[in-house]
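Here's a quick walk through a complex, starting where two chains meet. Have a look at it first, and then read on.

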Amino acid sequence: MTLFLHTYQFFTQHPGTIWRHTLQQLYLVAIPLAAAILVAVPLTMLATRVRRLYGPVMGFANAMQTIPSLALLALMIAIGLGIGVLPAVLALFLYALMPIVRNTYVGIMGVDPGVKDAARGMGVTSWQLLWMVEMPLALHVIIAGIRSALVATIGFATLASLIGAGGLGSLIMEGMGLASNSIVLAGTIPAIVLAFLAEGLMSRVERVLTPRGLRV
Amino acid sequence: MTDADMASPVGDTDAILEFRGVTKSFGGRAPAVRHFTLSVPRGQLVVLIGPSGCGKTTTLRMVNRLIEPTDGSIWLEGRNYKSYNPVELRRRLGYVIQRIGLMPHLTIGDNIAFVLRLLGQAPQARRARASELLEMVGLDPAEYLDRYPTELSGGQQQRIGVLRALAHDPDIILMDEPFGALDPLMREQLQEEFKRLLRTVSKTIVFVTHDMDEALSMADVIVLMKDGAIVQVAPPEEMLRHPADEFVASFMGRHRVLRQASEVSVADVMIASPVMTPEASGLARSLELMRRRRVNSLLVHDAGGHYVGVVRQSELQDHIEAGDQSPVGSLADRTADTLAPSDSGLTAMHQLLSHQQLDSLPVLDADDRIVGLVTRGTLVGLLGDALRVAADVQEIRAEAASAPAGEVAR
Ligand SMILES: Nc1ncnc2c1ncn2[C@@H]1O[C@H](COP(=O)(O)OP(=O)(O)OP(=O)(O)O)[C@@H](O)[C@H]1O
Ligand SMILES: [Mg+2]
């Protein structure tokens with residue numbers, strides 16, 4: 001009981017600290033994720049046109065996610081990026097690629113061949129096929145991929161403080177160093193709330209972006 | 001391809017669409033389409049028909065360049081297909097694909113007007129055109145325009161698939177089994193609807209089907225294909241009457257038989273000299289005649305050759321045993337139906353089959369004189385084909401039904 005009291009006190013006494021770490025955490029998630037979307041979606045779209053690209057692209061993304069997250073962080077230091085925000089963002093970016101690449105590919109390739117065929121038969125260009133048919137029909141699958149990338153990134157971001165990137169993770173580390181459970185909780189609770197909020201938001205986005213004709 | 005080839009629309013000047021020696025091979029296998037040469041006159045509905053895999057879809061898709069021919073050329077409105085940009089060509093043609101392929105994320109209105117959107121028409125105009133087309137097939141635009149494809153029945157979806165090909169009013173429409181996914185009743189309804197639609201607009205149509213009923217009801221010209229090659233090109237009537245070979249004949253199967261039975265007259269098939277006896281003849285003599293000629297009934301006529309009736313062997317025997325001394329005429333029965341020489345084979349078939357106890361029917365001229373006899377045996381010739389086709393079908397069905405069971409047993 002006292003633990004909760006102490007945690008509550010920490011929250012009320014250091015709102016600025018918690019807010020700062022939460023904001024850092026947000027950046028640590030948003031920037032790599034945005035970058036991963038911007039890179040993975042167009043690249044994978046290209047791979048659906050130029051099939052031989054898919055192997056290397058997916059292979060790379062897969063490898064990045066297979067490397068244990070801690071090892072990936074350590075790798076950033078090993079390749080000379082040192083510690084801080086930049087290597088953490090890069091590691092998180094690499095980590096987020098796979099679900100987005102996978103779902104973009106599956107989403108686009110999974111569009112009913114009959115629908116694509118009809119569109120081609122009516123005279124769409126390759127671009128129009130992508131924008132008018134494949135993207136709208138694949139969007140909810142791509143969003144689902146982004147959603148799992150987001151969940152993975154939020155989890156991973158807490159570890160990023162290990163290489164000095166800040167965020168809620170550093171609050172948790174600090175608490176552990178001081179053997180203060182209340183400080184640990186002060187880092188953990190916002191991290192959990194953040195994860196649930198993000199997840200809830202994304203599932204709503206996914207639903208809204210599912211074409212009405214595809215909803216069951 | 002020489003310059004002359006590109007420039008000269010030789011051949012049928014009336015043809016809006018022409019195939020010249022078109023061949024398509026996929027990889028190393030036997031060509032899917034071989035030396036396909038065909039002229040399609042403007043305004044005609046040409047049906048491509050043949051067994052599954054004979055190259056119908058491939059032929060169709062070479063017209064809108066979804067598939068490039070390996071050899072030969074296709075001419076549209078006197079221009080070589082290669083002179084058209086594929087995308088622009090497709091926007092000029094109408095195309096109904098084998099699988100309906102409506103866009104699930106677009107409303108019915110947007111689906112119908114999809115090509116119009118590609119052609120850059122304003123939303124208002126597109127919507128108006130979609131409404132107009134929906135009305136043409138009796139679907140209320142207010143109700144359907146803003147629905148999604150999944151909210152429609154299969155039949156309605158296929159209607160939309162057809163309307164979509166009509167939206168931009170193309171001169172040539174390619175239709176790949178447009179009513180394929182429907183039950184026979186629904187299919188017939190859509191065929192009628194479509195034919196009605198075609199009366200208001202003149203279109204050149206290449207129509208693929210594997211249903212002979214559909215071909216016979218829709219086609220101006222039927223093109224029968226087998227293994228990628230044309231076997232016969234003819235209007236329906238001619239194909240029924242003069243099939244080019246065994247394959248065509250068997251493909252037309254029961255249609256030919258029924259058509260034959262209705263076209264053949266009783267005079268063509270009847271026995272012209274049936275076994276007859278004058279009415280004054282004695283019973284024993286008549287019975288002897290039957291034995292000699294191996295028949296079990298006799299036609300009885302009067303002195304002027306007029307039909308009096310028919311006597312059956314069993315009856316004759318009974319009366320002889322009973323010591324009856326009257327002439328055969330007294331036993332003649334004339335209650336059964338008779339035929340005229342001009343009646344159709346179908347009528348004869350119908351009458352014989354609806355009276356189980358009758359083996360034969362006399363054929364009488366206008367003056368009631370006996371001119372012939374139609375027996376069940378006579379009709380077997382006519383029916384033979386039909387029965388054989390039916391038996392084949394049943395055999396195939398039985399095999400199909402037993403095959404999986406056999407697998408399980410093993
Ligand atoms: N893209 C392709 N690659 C390889 N072979 C193909 C391709 N398209 C068609 N074929 C082959 O070409 C032949 C003709 O196919 P096609 O689709 O034209 O037949 P079809 O007459 O339309 O048959 P169905 O009545 O079943 O639709 C078949 O043997 C088919 O396997
Ligand atoms: Mg086909």
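## Where the chains meet

Let's start with the interface of chain A and chain B, where the rule finds 4 residue pairs in polar contact, both residues at pLDDT 80 or more. A polar contact here is a pair of N or O atoms within 3.5 Å; within protein, one must be able to donate a hydrogen and the other to accept it, and residues adjacent in sequence count only if both atoms are side-chain atoms. On chain A's side, α6 (113-121) and α7 (126-159) each supply at least two of the residues that touch chain B. The biggest giver is α6(A), with 8 residues. Sorted by class, that side of chain A has 12 nonpolar, 6 polar and 3 charged residues. For the classes, Ala, Val, Leu, Ile, Met, Phe, Trp, Tyr, Cys and Pro count as nonpolar, Asp, Glu, Lys and Arg as charged, and the others, Gly among them, as polar.

How many salt bridges does the rule find across the interface of chain A and chain B? There is 1, and it pairs Arg61(B) with Asp117(A), whose closest N and O atoms are 2.6 Å apart. The rule asks for a side-chain nitrogen of Lys or Arg within 4 Å of a carboxyl oxygen of Asp or Glu.

In total, 21 residues of chain A are in contact (heavy atoms within 4.5 Å) with 23 residues of chain B.

## How the model is read

This is a predicted model: local features need pLDDT of at least 70, side-chain atom pairs count only at pLDDT 80 or more, and totals for chains, interfaces and linings use all residues. Residues are numbered from 1 along each chain as its sequence is written, chains are lettered from A and ligands numbered from 1 in the order in which they are written, and side-chain values use heavy atoms, with hydrogens and water left out.

## Around ligand 1

Now over to chain B. The residues around ligand 1 (a heavy atom within 4 Å of it) include Phe26(B), Ser52(B), Cys54(B), Thr57(B) and Glu177(B). By class, the shell divides into 3 nonpolar, 6 polar and 3 charged residues.

Some of the distances involve the backbone: an oxygen atom of ligand 1 is 2.8 Å from a polar backbone atom of Gly53(B), and one is 3.0 Å from a polar backbone atom of Gly55(B). With Lys56(B), it's the side chain that takes part, with an N or O atom 2.7 Å from a ligand oxygen.

How values were computed. Helices (H or I, at least four residues) and strands (E, at least two) are DSSP runs, numbered from the N terminus.
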